[in-house]
Amino acid sequence: MNHRLAKLVLNLWPPFLGAGVKVRRISPDWKEIDVQLRLGLTNRNYVGVHFGGSLYAMTDPFYMLMLLKNLGKDYIVWDKAGSIDYLKPGRGVVCARFRLDDDTLQRVRDATAGGDKHLPALSVSVYDAAGAEVARISKTLYIRRKPPRSSRQATV
């Protein structure tokens with residue numbers, strides 16, 4: 001799926017649509033993704049600020065998708081764990097910017113070259129319109145290079 005179609009599909013995906021999450025941009029190389037969340041009736045909590053679950057949801061699948069697209073079909077990539085630190089109440093429009101650099105991709109390739117699993121922790125922050133950090137999210141991913149095709153066929 002190319003980056004334009006993926007953006008459309010993600011913006012129509014019911015969990016994002018219901019929470020008010022909007023994918024603003026996916027770079028053609030899948031190394032940059034920008035996401036925003038407007039405060040609305042479907043994502044505010046009891047005290048009138050962004051519901052924490054929506055803040056986490058807006059960051060949930062992106063590092064996994066970016067790694068899958070950049071590493072290719074020879075890799076297994078799963079979300080393994082995640083945590084969120086709420087730093088201040090989120091009001092209005094908040095955004096997150098995901099960035100994946102070549103050094104990170106090379107470290108993953110090096111760590112998985114022998115078939116070992118790799119559990120990198122990647123972080124992203126959520127910012128309000130004034131640029132203040134609202135939340136910091138850490139994602140631990142499970143990454144493993146798939147065995148060579150001949151090995152996979154032998155085990156079937």
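Reader: What makes Met1, Leu5, Leu8, Val9, Leu12 and Leu17 a nonpolar surface patch?

Author: In this predicted model, these six names belong to a patch of about 580 Å², and a patch takes in residues with over 30% relative accessible area and no salt bridge, nonpolar side chains being joined within 5 Å. Leucine 8 is found in helix 1, and helix 1 (residues 3-12) gives the largest share of the patch, namely 4 residues.

Reader: Which residues form the positive surface patch, and where is lysine 22 found?

Author: The positive patch is formed by Lys7, Lys22, Arg24 and Arg38, and lysine 22 is found in strand 1 (residues 21-26). Lysine 22 has a relative accessible area of 36%, so it passes the cut-off of over 30% that a patch residue needs.

Reader: What makes Arg25, Glu32, Asp34 and Arg99 a network?

Author: These residues are linked by salt bridges, and besides the pairs of arginine 25 there is a salt bridge between aspartate 34 and arginine 99, at 3.0 Å from N to O. Because aspartate 34 lies in strand 2 and arginine 99 in strand 4, this pair ties together parts that are 65 residues apart in sequence.

Reader: Is aspartate 34 buried or exposed?

Author: Aspartate 34 is buried, because its relative accessible area of 14% falls under the cut-off of 20%. Arginine 99, its partner in the salt bridge, counts as partly exposed at 36% relative accessibility.

Reader: How do you know which part of helix 5 is buried?

Author: In helix 5 (residues 102-112), Thr104, Leu105, Val108 and Thr112 are buried. Seen down the helix axis, the buried residues fall within an arc of 100 degrees, so they line one face of helix 5. On the other side of helix 5, Asp103, Arg107 and Asp110 are exposed.

Reader: Why is helix 4 described as largely enclosed by the rest of the structure?

Author: Helix 4 (residues 62-71) has 10 residues, of which 7 are buried, so the helix is largely enclosed by the rest of the structure. Among the buried residues of helix 4 are Phe62, Tyr63 and Met64. Helix 4 is followed by glycine 72, whose phi is positive, near 95 degrees.

Reader: What is the phi of tryptophan 30, and why does this residue count as buried?

Author: Tryptophan 30 has a positive phi of about 60 degrees although it is not a glycine, and its place is in the loop between strand 1 and strand 2 (32-38). Tryptophan 30 counts as buried because its relative accessibility is 7%, under the cut-off of 20%.

Note on methods: Residues are numbered from 1 along each chain as its sequence is written. This is a predicted model: local features need pLDDT of at least 70, side-chain atom pairs count only at pLDDT 80 or more; totals for chains, interfaces and linings use all residues. Side-chain values use heavy atoms; hydrogens and water are left out. Patches are made of residues with over 30% relative accessible area and no salt bridge: like charges are joined within 9 Å, nonpolar side chains (Val, Leu, Ile, Met, Phe, Trp, Tyr) within 5 Å. Accessible areas come from the Shrake-Rupley method with a 1.4 Å probe; for residues, only the protein chains shown count as cover. A salt bridge is a side-chain nitrogen of Lys or Arg within 4 Å of a carboxyl oxygen of Asp or Glu. Lys and Arg count as positive and Asp and Glu as negative; His and the chain ends are not counted. The place of a charge is taken as NZ of Lys, CZ of Arg, CG of Asp or CD of Glu. Helices (H or I, at least four residues) and strands (E, at least two) are DSSP runs, numbered from the N terminus. Buried means under 20% relative accessible area, exposed over 50%, partly exposed in between (1.4 Å probe, protein chains only). The arc is that of the directions from the helix axis to the C-beta atoms.
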